[in-house]
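Morning, everyone. I'll take a few minutes on the sheets and helix packing of one model. Have a look at it first.

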Amino acid sequence: MSGTLYLVPTPIGNLGDISRRMADTLAQADFIAAEDTRVTLKLLNHLGLKKPMVSYYRHNTAAGGQAVLERLLSGESCALVTDAGTPAISDPGEELVAACAAQGIPVVSIPGPCALVTALAASGLPTGRFTFEGFLPMNKKNRRAHLDQLRGEGRTMVFYEAPHKLQATLADLAEVFGPERPIALCRELTKLHEEIFRTTLGEAAEHYAAEPPRGEFVLVLAGAAAPEEAPMTLEEGAARVRALRAEGLSLRDAARQVAGETGLSRKELYQRALEG
Ligand code: SAM
């Protein structure tokens, strides 16, 4: 019988976010697959744990993944961790999970720190519907093409960004979505200098042009406002009055209801419905 792959999130800055289940899973796994074994060694030392580790990072997902897969198939359990946050979310892990799913190897995802959710929740922007865009493409042309696709996006958009690219990204975002679009820049989440800067794209670009950005950022951008519905014309209102009459309402009540719904004059609706 095969072992289990455990996806173990790690703190994005605050060691107080280590959960009991996260620590227990690391302690109980047969081995750990880590994005950077030196970073994970510090975490293990903090927890007082000693564990065999293998490397599983962006540029060895094929060979590293195959080695992990073989050990899982032979019955060992593996805890997958990255440098910070939830594995497989803009971090190594996606391919390994897909390979496990294809081979029928159980995958257990432990809930825990994730910069995307932490930022979205604090952004003050609508959270009911959102789209996670991860890192934008590095190449200027691909980046613009990607942003152009998002032009009419009505859902809140979440981006990850490195500080040295923030100024260029804000300029691109302001060009595509306009300087008035609200944005929350969530910096150094869970750390000493945590900051949620709720502003507009224009102001954010100006702010960071003067002060070079430092720290880690999640950008939470408001979606496009829904186009306003065209107001109902008197003719359309009268048609609605007639439809309500056909449902059994008196002309008086129908005109009053439609006037209330549309802001049109009750008298004019009454008159026009009579004429039609
Ligand atoms: N898998 C991770 C997660 O679940 O949050 C994300 C890894 S991705 C390689 C790293 C990016 O996450 C950073 O460039 C930044 O955009 C964001 N990030 C990570 N930690 C952060 C923090 N403490 N504050 C703000 N953003 C953070």
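Start with strand β2, residues 31–34, and strand β4, residues 78–81: they pair in the parallel sense over four bridges. Pairing here requires at least two DSSP bridges between two strands. Strands are DSSP E runs of at least two residues, helices are H or I runs of at least four, and both are numbered from the N terminus.

Before going on, the ground rules. This is a predicted model, with local features needing pLDDT of at least 70 and side-chain atom pairs counting only at pLDDT 80 or more, while totals for chains, interfaces and linings use all residues. Residues are numbered from 1 along each chain as its sequence is written, and side-chain values use heavy atoms, with hydrogens and water left out.

Now the whole sheet. Five strands, open, in the order β3-β2-β4-β1-β5, with parallel pairing. The edges are β3 (53–55) and β5 (107–109); each has a single partner strand, so one side of each lacks a neighbour in the sheet. On average, neighbouring strands are turned by 25 degrees against each other, direction ignored. Helix α2, residues 37–47, lies across β2, β3 and β4, and runs at about 155 degrees to β3. For angles, axes are lines fitted to C-alpha atoms, for helices over the stretch in contact, and values run from 0 to 180 degrees between N-to-C directions.

Next sheet. What is the order of the five strands in the open sheet with mixed pairing? It reads β6-β7-β10-β8-β9. Here β6 (130–135) and β9 (195–200) are the edges, with a single partner each, so one side of each has no neighbour in the sheet.

Look at β6 and β7. β7 covers residues 156–161, runs parallel to β6, and is joined to it by five bridges. Thr131 has Met157 in β7 as its bridge partner. Helix α7, residues 163–177, packs on this sheet and touches β7, β8 (182–187) and β10 (217–221). Touching means contact, heavy atoms within 4.5 Å. The direction of α7 makes about 10 degrees with that of β10.

Aromatics. The structure holds four aromatic pairs. A pair means Phe, Tyr or Trp rings (six-membered ring for Trp) with centres within 6.5 Å; planes under 30 degrees apart are stacked, over 60 edge-to-face, the rest tilted. One of them is Phe132 with Tyr160: centres 5.0 Å apart, planes at 70 degrees, so edge-to-face. Phe132 lies in β6 and Tyr160 in β7, so the pair ties together parts 28 residues apart in sequence.

Last, helix on helix. Helix α6, residues 140–149, packs against α7 at about 40 degrees, with the axes 10 Å apart. That makes α6 oblique to α7; under 35 degrees would be roughly parallel, over 145 roughly antiparallel, 65 to 115 roughly perpendicular, and the rest is oblique.

Who meets whom? From α6: Lys140, Arg143, Arg144, Leu147 and Asp148. Their counterparts in α7 include Lys165, Asp172, Leu173 and Phe177. The contact of α6 with α7 has five nonpolar, one polar and seven charged residues. Nonpolar covers Ala, Val, Leu, Ile, Met, Phe, Trp, Tyr, Cys and Pro; charged covers Asp, Glu, Lys and Arg; the others, Gly among them, are polar.

That's it from me. Thanks.
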